[in-house]
Amino acid sequence: MEPLKSNELNNNLESKNARLNNGYPLKPSVAFVGASWMTLLIGMTSYCIGLYNSDMAYNEKGYYFTILLFGLFSVISVQKSVRDRLEGIPVTDLYYSISWFSTIASIVLLIIGLWNAQLLLSEKGFFGMSFVLGLFSALAVQKNTRDLKQFESANV
């Protein structure tokens, strides 16, 4: 028996997926949607509570809060532009590149800020982990929102 070539494998996966959902978009589970929203709220809230309780100057707190907002917006923009391209919706190379650049820039700015901050190592780790939790869950919330919208429009 001859192994499948990559084209044959892709065609088999596509036909299997088409049989599973009959060509309609799948609806994300309630548990996944709820978990995504909860992790987004937990990440953002814990980050903001950490900022509130820290002994930083107000300008430092503003810097870290702005990085959180910048990061959340940029990862949603990346997810949308990547998904648009996969679905054949035109996205300019400039917007696609700016989305990726701003995502990477927000992460780098947080790393530089935490590297130079006069915080305990545990506090730096806390801010880093809650930031990453917020970014990842923002991606999941955006994906779920888009999947639900497609599911609803396909079943109307």
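Tutor: A residue is called buried under 20% relative accessible area, exposed over 50%, and partly exposed in between (1.4 Å probe, protein chains only). This is a predicted model, in which local features need pLDDT of at least 70, side-chain atom pairs count only at pLDDT 80 or more, and totals for chains, interfaces and linings use all residues. Residues are numbered from 1 along each chain as its sequence is written, and side-chain values use heavy atoms, without hydrogens and water.

Student: Why is Lys143 called partly exposed?

Tutor: Its relative accessible area is 35%, which lies between the limits of 20% and 50%, so the middle class applies.

Student: What makes Asp147 and Lys143 a salt bridge?

Tutor: The term asks for a side-chain nitrogen of Lys or Arg within 4 Å of a carboxyl oxygen of Asp or Glu; the closest N and O atoms of this pair are 2.4 Å apart, so the pair qualifies. Both residues lie in helix H5, 4 residues apart, where a helix is a DSSP run (H or I, at least four residues; strands, E, at least two), numbered from the N terminus.

Student: Why is Asp84 called buried?

Tutor: Because its relative accessibility is 7%, Asp84 counts as buried.

Student: How do you know that the length of helix H4 agrees with expectation?

Tutor: The expected span is 1.5 Å times one less than the number of residues; for the 24 residues of H4 this gives 34 Å, and the end C-alpha atoms are 34 Å apart, which agrees.
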